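I opened a notebook page for this structure and put down what I looked up, entry by entry. The interface comes before the single residues.

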2 protein chains.
Amino acid sequence: MRAEIIAVGTELLLGQIVNTNAQYLAQGCADLGVSVYYQTVVGDNESRLADALQIAKSRADLIICTGGLGPTQDDLTKDALAAFLGQKIVTHQPSMDHIEQVFGSRGIHMVESNRRQALMLEHSDPLTNDAGMAVGIALTQDGTHYILLPGPPKEMKPMFDLYAAPWIASKMSGVHPLFSRMLKFAGIGESTLEHELLDLIHAQTDPTIAPYAKESEVTIRITTRASSQAEADVKLEPLEQEIRSRLGDYIYASVDVPIEQEVIRIMKERKLLLAAAESCTGGLLGHMLTAVPGSSAVFRGGIVCYSNMLKNKLLDVPMSILEGAGAPGAVSAETAGILAEQMRLKADTDYAVAITGVAGPDESEGKPVGLVYLAIACKEGLPVVERLQLSGNRDNIKLRAAKAALYQLWKRLVV
Amino acid sequence: MRAEIIAVGTELLLGQIVNTNAQYLAQGCADLGVSVYYQTVVGDNESRLADALQIAKSRADLIICTGGLGPTQDDLTKDALAAFLGQKIVTHQPSMDHIEQVFGSRGIHMVESNRRQALMLEHSDPLTNDAGMAVGIALTQDGTHYILLPGPPKEMKPMFDLYAAPWIASKMSGVHPLFSRMLKFAGIGESTLEHELLDLIHAQTDPTIAPYAKESEVTIRITTRASSQAEADVKLEPLEQEIRSRLGDYIYASVDVPIEQEVIRIMKERKLLLAAAESCTGGLLGHMLTAVPGSSAVFRGGIVCYSNMLKNKLLDVPMSILEGAGAPGAVSAETAGILAEQMRLKADTDYAVAITGVAGPDESEGKPVGLVYLAIACKEGLPVVERLQLSGNRDNIKLRAAKAALYQLWKRLVV
């Protein structure tokens, strides 16, 4: 089954709100095994909505509309669909009773327009609204299925999950649902990763392989249709193992979690403590770690040693290393190593991470933008230092440096 | 001018990511005076993208596509548009040089597919990518304007603002351009602010007033069309003064800058130094301050005293205050004051900010989620402490606490 999602609302076209409904419904369709080929947004305008319905009908078997079921003048989705299909508008009496009862129980006068929320098409099934007053609609005409849902997410989501999704499933006998696995990568770029898997990507039919990148992390999703989880596993497992045999060193999770969450999980399980000395990232690594609920069991805190003065005073990096002709400087392997080791000692933790680099926009100490040294200290042995040359603007470099530090730490924990 | 926004990406159709690009571009078009009639989402599929372009061409003068400019096999937006328009694909040499230089400076092997990011159409203008490698495109053919932007928001936003928006504006002769003023508010919520301005908002025709909130800051934008800046100023100035007479205490800037940037600007001008002691924000305040280029002239750094151990060891808060029956605890005015004062002394700065609170999801020390104490220490007098009860989830509370600290600091600086 091919679906199109149409979100109706001028506020979306003006950019006043984000179309989160489309994402929710797209996920819901994927879970049902329905392929979404297009999403459309159209304003509260009857003729343009009719045009959108006409186009959608030409390329989809299932059209899901959200928005425009409310009481006001610009809520016209039901009228537009009725005109488009040549159907009459009728009242759904149980919904009308519900609306009157809601106003009655609140003891307030009901503005007449609220009755519009109980309307449905003559030949349609009502979809109950457990979180509001506007009734939804499901119907099939000329082989095309139509579903109208309210716009507010708190009404739309339960109506879709409880009533629309089962209605759709009932029209899909014989099609198996989709099963997916996620593989989360760190320490490798999207293009390198794809290069390593190019033959698999080119040959993909079933399961399918989809890579995508966000926030300096790459995700691979492998997906198949099957009648059961067990049947899906038989198809997905060999592909996952093949990917792992090539790139397993970079896979830190098989669920969609950021690497900081995985690091916290592992360290919490092993009762390990962590601290961070941050120069160019300015606190971002600490912010990412403390975004994970429960991180206080692992992360003791750290020092944002943005200036040389604090590198020296709070973390004992000698001024002779930081400044002066021939000195390694603040952005150096020497400084990174001392920061990590001293941070670990001062916070009395099992591990400490240090990051020092040039975030830009200007070079520093004659060193180029994007040059970053990471160091990880632990109880045994000397700190391990890595040199990176990162690209991007100031924000990118800070984020990539923090993610790279988390990847290095994760590798130390799992190897 | 009528626009259509086409977002290209199978990950959108699968519901893996939210289409925030469409909102950003819709706002950008509204600001330019361009009407968006439709938004479309289509997958990484050349023939369906061609169909979407054909439909968009029939109903829009300007088609803005995002996504599919990257190096991988499923990045095919440029190929699809070239085929659709019957144009050749050529290399944009400056972009190719840039890509080679990026890989060269990192000292890593460049996968050949990265060269795809330097491609453009034969008859098109390049749009510079300041935050990535894929060059954008703008062109006009048969009276329709086309713009291709990258998918990652970090690349798309600056390319739109700096290069695409001016290009669009240059095609809009005959329509008076829009002139806007921004008023940036901190320390006041959106609904309170709107309540104070309700009569002005209801009466608006020209100039228009639009409030919007993001990242715990509220912005009021007042806009008019005019033939010149001078003509616009005559219309905008009285309205700005009326707003300032009601809410001037909360307005920290009249350009769209975050409050951290304004704080850095003022302190840099006055040669003042700053440090931060962060508990519940975990480094977020430092991250926000160091996101401002040039912040190293003001921000010396700080201590992320996430654990009581570090509050005690690095910032000298007595354990008798932090723990034990009847002690004020880590989340208290006493602790906040000591953190700020000790931070200022250790970093030898003019000002220091301290933040300690309960970010959640669970209460702490028997204190409720969202309780936060802020303290600001300066050279003269005792630290000033403020108690806040913030709402929202963990992320919201961290962000609101950091923004509130910046607002308090800004007030101290300007009063």
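How many salt bridges are there between chain A and chain B? I found a count of zero between chain A and chain B, with a salt bridge taken as a side-chain nitrogen of Lys or Arg within 4 Å of a carboxyl oxygen of Asp or Glu.

Ground rules. I am reading a predicted model, in which local features need pLDDT of at least 70 and side-chain atom pairs count only at pLDDT 80 or more, while totals for chains, interfaces and linings use all residues. Residues are numbered from 1 along each chain as its sequence is written, chains are lettered from A and ligands numbered from 1 in the order in which they are written, and side-chain values use heavy atoms, with hydrogens and water left out.

Interface, extent. I looked up the contacts (heavy atoms within 4.5 Å) and found 75 residues of chain A against 69 residues of chain B. The two chains bury about 5,900 Å² between them, 57% of it on carbon and sulfur atoms; buried area here is the accessible area (1.4 Å probe) that two parts lose on being put together, summed over both. A:Tyr38, A:Gln39 and A:Tyr306 supply 10% of the area that chain A buries against chain B, more than any other three residues.

Interface, make-up. I noted 31 residue pairs in polar contact across the interface, both residues at pLDDT 80 or more. A polar contact is a pair of N or O atoms within 3.5 Å; within protein, one must be able to donate a hydrogen and the other to accept it, and residues adjacent in sequence count only if both atoms are side-chain atoms. On the side of chain A that touches chain B, strand β2 (residues 35–42) of chain A gives the largest share, seven residues. Helices (H or I, at least four residues) and strands (E, at least two) are DSSP runs, numbered from the N terminus.

A:Val304 stands opposite B:Gly302 in β14(B).

Salt bridges, whole structure. My search over all chains gave 43. One that I looked up joins the side chains of A:Arg181 and A:Glu240 (2.7 Å, N to O). A:Arg181 is in strand β9 (residues 178–185) and A:Glu240 in helix α9 (residues 229–247) of chain A, 59 residues apart.

Backbone. I noted a cis peptide bond from A:Asp206 to A:Pro207, omega near 0 degrees; A:Pro207 is in the loop between α8 (198–203) and β10 (208–214) of chain A. In chain B, a cis bond joins B:Asp206 and B:Pro207. A:Lys271 has phi near 55 degrees, a positive value in a residue other than glycine, and sits in the loop between α10 (259–269) and β13 (274–278) of chain A.

Terms used:
Two strands pair if DSSP finds at least two bridges between them.
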